[in-house]
Amino acid sequence: MRVIVQSLPSSEPSRSVIEGSESSGIGVELLCVVRAVLKKIKRRVLVGDKVLVGSIDWVDRRGMIENVFQRSSEILDPPVANVDHLLVLFSLEQPRPEAFTLTRFLVEAESTGIPLTLALNKSELVDEEILVGWRNRLRSWGYEPVFCSVESTCGLDTLASFLQDQTTVIVGPSGVGKSSLINALRSNYHASDAAGEDNWFDPILGSKWFEEQRVGEVSTRSGRGKHTTRHVSLLPLSGGGYLADTPGFNQPSLMKVTKQSLAQAFPEIRKMLSDNEPAKCSFNDCLHLGEPGCIVKGDWERYSYYFQLLDEIRIREEFQLRTFGTKREGDVRYKVGDMGVQQAEPRLEPKKHRRKSRKSINQSILDELDELDDDQDDLELENDPILRAMRNENQ
């Protein structure tokens, strides 16, 4: 993993010799491995994590990730930590937006609780009537879309202002122009920021952070984008902040969305509930499917999508309940260490690591001896005619 040094401990010298020249350690890019104990306690290191690095070799620029600081936020699909903002990006043409797919992405983004912005790219390929139609439609959903174009640079300044000084994750299907938009937002980086004398990114100019993202073409057969980006990357923006480019995928998993939380991922339902306050649904666990006393009506466009997603989540939860049950012992346990600080350690598998008790061992030996005695008795009965006669008489 690539780690950028942002601070040094007081014991560390403020200046180090790197590649034969004296340079500050701040801003140096280190290639790091993860300490084995972090893997054992299932503490996964994600893109965007703030980590503690030790065993640093300043000459070869290598180190070891020894600990991970507490995260302010985390998303699983794609896996990124400490996210401040989500940018859901679709295109108006090549490929055209599908309402249900767009709804899945919006529900996934809403379920994280992180502020989001909806942007529609390639606005130069459609006429004004289509733009107005999508603007009105998305406003009825509860969103104010940003129309942008990499070709005409329309809307890029608006997006740049939304992304400034924040860590933003950009998500969307393949082919909507995520990598092209990132290249456009970062195109003036070297001219604006790299010219500063005190810029701590100077030591890593020429690293992968400043390479342009690969751009692919839309498939002529299916009309969908090809998978060009294959991993998550955290990239600096010209106006400050970071932007995470992620691989495109057409079906968000919705693994963190439950039957009860799905309604809160739809702005239409939230608005109907707030407009009717202080009145509430008659049942606390109301799923808003026409139950008696439900104040959420079904006269809105995405109601069928809500019903479809709810049915999908219900099937998944029932399958998980049958497969895993309600209780499952975790792989990590916590014990209180010095000064009352909780420490995580891996939970050992009982059958693999737990020693057998002496009582069990002794009992198994006695059982084996009893079986041997029974076999010996049977053998003597077969060979002794008097014992056979006595047994037959007793029967």
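**Close-up 1. Pro-267 in helix H7 of the predicted model.** Pro-267 is found in helix H7, in a model that is predicted. Pro-267 is buried, with a relative accessible area of 10%. Although Pro-267 and Ser-140 are 127 residues apart in sequence, their C-alpha atoms are 9.3 Å apart in space.

**Close-up 2. The largest nonpolar core.** This core holds 50 residues, of which Val-88, Leu-102, Val-107, Val-169, Leu-262, Phe-266 and Tyr-306 touch the most other members. At least two residues of the core come from each of several elements, including strand E9 (85–91), strand E12 (167–171), helix H7 (267–275) and helix H8 (303–324). Helix H2 gives the most to this core, with seven residues. In soluble globular proteins, nonpolar side chains tend to be buried together.

**Close-up 3. The loop between E9 and H2.** Both Gln-94 and Pro-95 are found in this loop, and a cis peptide bond with omega of about 0° joins Gln-94 and Pro-95. Gln-94 also has a positive phi, near 55°, while being a residue other than glycine, and it counts as partly exposed at 47% relative accessibility. Most residues other than glycine have a negative phi, and most peptide bonds are trans.

**Close-up 4. Lys-122 in the loop between E10 and H3****.** Lys-122 is not a glycine, yet it has a positive phi of about 60°. At 15% relative accessibility, Lys-122 counts as buried.

**Close-up 5. A patch of negative charge on the surface****.** Asp-367, Glu-368, Asp-370 and Glu-371 gather in this patch. Asp-367 has its place in helix H10 (residues 358–383) and is partly exposed, with a relative accessible area of 36%.

How values were computed: Residues numbered from 1 in each chain as written. Predicted model: local features only at pLDDT ≥ 70, side-chain atom pairs only at ≥ 80, totals over all residues. Heavy atoms only, no water. Patch = residues over 30% accessible without salt bridge, like charges linked within 9 Å, V, L, I, M, F, W, Y side chains within 5 Å. Areas by Shrake-Rupley, 256 points an atom, 1.4 Å probe, with all protein chains shown as cover. Salt bridge = Lys/Arg side-chain N within 4 Å of Asp/Glu carboxyl O. Lys, Arg positive; Asp, Glu negative; His and termini not counted. Charge placed at Lys NZ, Arg CZ, Asp CG, Glu CD. Helix = DSSP H or I, 4+ residues; strand = E, 2+ residues; numbered from the N terminus. Buried < 20%, exposed > 50% of the residue type's maximum accessible area, 1.4 Å probe, protein only. Core = buried A, V, L, I, M, F, W, Y, C linked by side-chain atoms within 4.5 Å.
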